[in-house]
Each structure stands twice: as structure tokens, then as C-alpha cells.
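Visitor: Hi, I'm new to this. Could you walk me through the model on the screen?

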Amino acid sequence: MPTTKTPSPKKPTAKTLREGSTPKRTAILAAARELFLADGFDRTSVDAVAARAEVSKRTVYDYFGDKQTLLQAVVDGVGQSLISTIRRILDDTLTDPTEAADLEDVLVAFSMRIATDMLGSSEYVTLQRLVRAQSHHVPDGGENSMADAPEEALAERFAAFAEAGLLDVPDALLAADQFIALTFNVALNRFGSANAAEDARVRPLIVEGVRTFLRAYQAK
């Protein structure tokens with residue numbers, strides 16, 4: 001007697017995706033993250049994700065639609081975690097401009113926290129690994145995972161410092177872009193990393209980048 005192959009669950013469209021239960025969604029994302037990192041996108045099957053998450057294959061499709069959307073959700077989740085870290089560091093270091101007795105010290109302290117707590121974190125390493133290995137499967141190479149959120153958050157603080165008379169920034173977002181370019185991007189371009197926790201050469205570049213920024217933007 002011939003066997004009948006059970007058809008794969010029909011993938012729902014974006015309009016029919018379910019929000020579902022938070023524990024199941026979290027389990028699916030955690031399983032997908034582990035498998036994408038260990039085996040790569042192409043070798044990771046939806047069956048394997050479902051088995052590791054202890055849910056049905058239908059549940060994975062109901063919640064995420066397809067494997068590429070699942071990968072994007074994993075990347076977005078890591079990106080949001082990093083944005084939360086950036087905002088926490090901003091709150092710790094650049095909250096009250098009236099307490100910024102030495103603006104250079106404040107900006108260096110902020111930058112060093114970013115270079116250790118964020119750029120030196122396992123989440124950042126995970127994001128880089130996912131984007132590098134799976135860039136052709138992630139729309140825009142994974143850039144949407146963080147978009148302009150870090151620059152916008154920093155620009156808000158620069159605007160507050162300008163209002164307090166400490167900075168002269170006609171365009172706060174441009175100032176934030178240039179600050180990042182002068183500090184972290186210099187280290188990334190020169191060393192391939194801006195992780196100050198592992199590379200003592202990062203701090204001198206950050207300090208000089210902060211000083212260059214202040215020569216352009218510190219209120220006279």
C-alpha cells in the first residue's frame with residue numbers, strides 16, 4: 001500500500017501572522033538564534049527550530065511566516081537589545097548637562113561605556129555574526145535592526161547640552177553622526193573593532209575623537 005506524504009503546512013501571509021503566546025514566541029526566537037549561529041541560515045530547517053523550541057512546525061509558520069522573516073526577527077531582537085543598552089548608558093552618563101563639570105570627561109566616559117558595555121558585549125558579537133554570515137538573507141544587510149536609533153538617541157542628548165549652553169549644535173543629528181564617525185568608526189576602520197575591553201588602543205582614539213568633536217562643537 002503506497003504511503004501518502006503529508007503536505008507541509010501552508011505558510012501564512014503577513015496579514016495572517018499570529019502574535020501568539022509570548023513564551024512560545026520567545027522559545028522560537030531563542031531556538032532560531034542558536035541554530036542560525038551554529039549551523040547557518042541555509043542548513044537550519046524550520047523543523048529543527050520547532051523541535052528545539054518544543055513547538056509545532058505549524059506554530060513557527062503561524063508566528064513568523066517563513067524562515068527569512070524568522071531570521072529578520074532574530075536580528076531585530078538583538079538590535080533592540082543593543083539599543084536598550086545604549087539608552088541605559090546615555091541615562092547613566094549624559095543625563096543632566098548642568099552636572100557636566102568637564103564636558104570632555106563626560107563624553108569620554110560615555111564613549112568608553114559604549115566601547116565596553118555595548119561594542120564589547122556578546123549581543124553585539126552575535127549581531128555582527130548574524131549579519132555577516134546571513135547578509136544576503138536579511139533585507140538591507142541587517143541595517144534595519146538598529147536603523148538610526150543610536151544616532152537619534154545621542155542627538156537628543158546633544159540638543160539638551162546645547163540648550164544648557166555647553167554645545168553649539170545647529171543640527172543635533174549631524175553632530176551625533178560626526179561624533180560617532182570621529183570615535184567608534186575610527187577605531188573600527190583602523191583596528192576592525194572598537195571593543196575597548198579587549199584592545200587598549202581604542203581609548204586613545206576615542207579621547208582624541210572627543211577632543212576633535214569639542215573643537216568643532218563646544219560652545220565658545
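**Helix 8 and its neighbours**

Guide: Let's start where two helices touch: Ile-180, Ala-181 and Leu-182 in helix 8 meet Phe-184, Asn-185 and Val-186 in helix 9. Contact here means heavy atoms within 4.5 Å. The residues of this contact divide into five nonpolar, one polar and no charged. In that count Ala, Val, Leu, Ile, Met, Phe, Trp, Tyr, Cys and Pro are nonpolar, Asp, Glu, Lys and Arg are charged, and the others, Gly among them, are polar.

Visitor: Before we go on, what kind of model is this?

Guide: This is a predicted model, where local features need pLDDT of at least 70 and side-chain atom pairs count only at pLDDT 80 or more, while totals for chains, interfaces and linings use all residues. Residues are numbered from 1 along each chain as its sequence is written, and side-chain values use heavy atoms, with hydrogens and water left out.

Visitor: Okay, so how many helices and strands does the protein chain have?

Guide: The protein chain has 10 helices and zero strands. Both are DSSP runs, numbered from the N terminus: helices are H or I with at least four residues, strands are E with at least two.

Visitor: Back to helices 8 and 9. At what angle do their axes cross?

Guide: They cross at roughly 35°, and the axes come within 3 Å. The axes are lines fitted to C-alpha atoms, for helices over the stretch in contact, and angles run from 0 to 180 degrees between N-to-C directions.

Visitor: Which residues of helix 8 are buried?

Guide: In helix 8, which covers residues 172-182, the buried ones are Ala-172, Ala-175, Ala-176, Phe-179 and Ile-180. Buried means under 20% relative accessible area, exposed means over 50%, and partly exposed is in between (1.4 Å probe, protein chains only).

Visitor: Why do they line one face of the helix?

Guide: Seen down the axis of helix 8, its buried residues fall within an arc of 135°, so they line one face. The arc is that of the directions from the helix axis to the C-beta atoms. As a general point, an α-helix has 3.6 residues a turn, so residues three or four places apart point the same way.

Visitor: And what do those buried residues pack against?

Guide: They pack against helix 5 (103-118), helix 7 (149-163), helix 9 (184-191) and helix 10 (202-217).

Visitor: What happens at the start of helix 8?

Guide: There, a side-chain oxygen of Asp-171 reaches to within 3.2 Å of the backbone nitrogen of Leu-173. A polar contact is a pair of N or O atoms within 3.5 Å; within protein, one must be able to donate a hydrogen and the other to accept it, and residues adjacent in sequence count only if both atoms are side-chain atoms.

Visitor: Let's switch to serines. Is Ser-111 buried or exposed?

Guide: Ser-111 is buried, with a relative accessible area of 0%. Ser-111 is found in helix 5. Leaving aside neighbours within four places in sequence, Ser-111 is in contact with Phe-179, Phe-184, Ile-206 and Val-210.

Visitor: Where is Ser-121?

Guide: In the loop between helix 5 and helix 6 (122-134). Ser-121 is buried too, with a relative accessible area of 14%. Its side chain reaches the backbone oxygen of Met-118 at 2.7 Å, and a polar atom of that side chain lies 3.1 Å from the backbone nitrogen of Tyr-124.

Visitor: And Ser-45, where does that one sit?

Guide: Ser-45 is in the loop between helix 1 (22-39) and helix 2 (46-53). At 31% relative accessibility, Ser-45 counts as partly exposed. A polar atom of the Ser-45 side chain lies 3.0 Å from the backbone nitrogen of Ala-48.

Visitor: Now a different spot. What's with the phi of Glu-54?

Guide: Glu-54 has a positive phi of about 60° although it is not a glycine. In general, most residues other than glycine have a negative phi. Glu-54 is in the loop between helix 2 and helix 3 (57-64) and counts as exposed, at 73% relative accessibility.

Visitor: Last one: what is Ile-28 in contact with?

Guide: Leaving aside neighbours within four places in sequence, its contacts include Val-49, Ala-53, Tyr-63 and Leu-70. Ile-28 is in helix 1 and counts as buried, at 0% relative accessibility.
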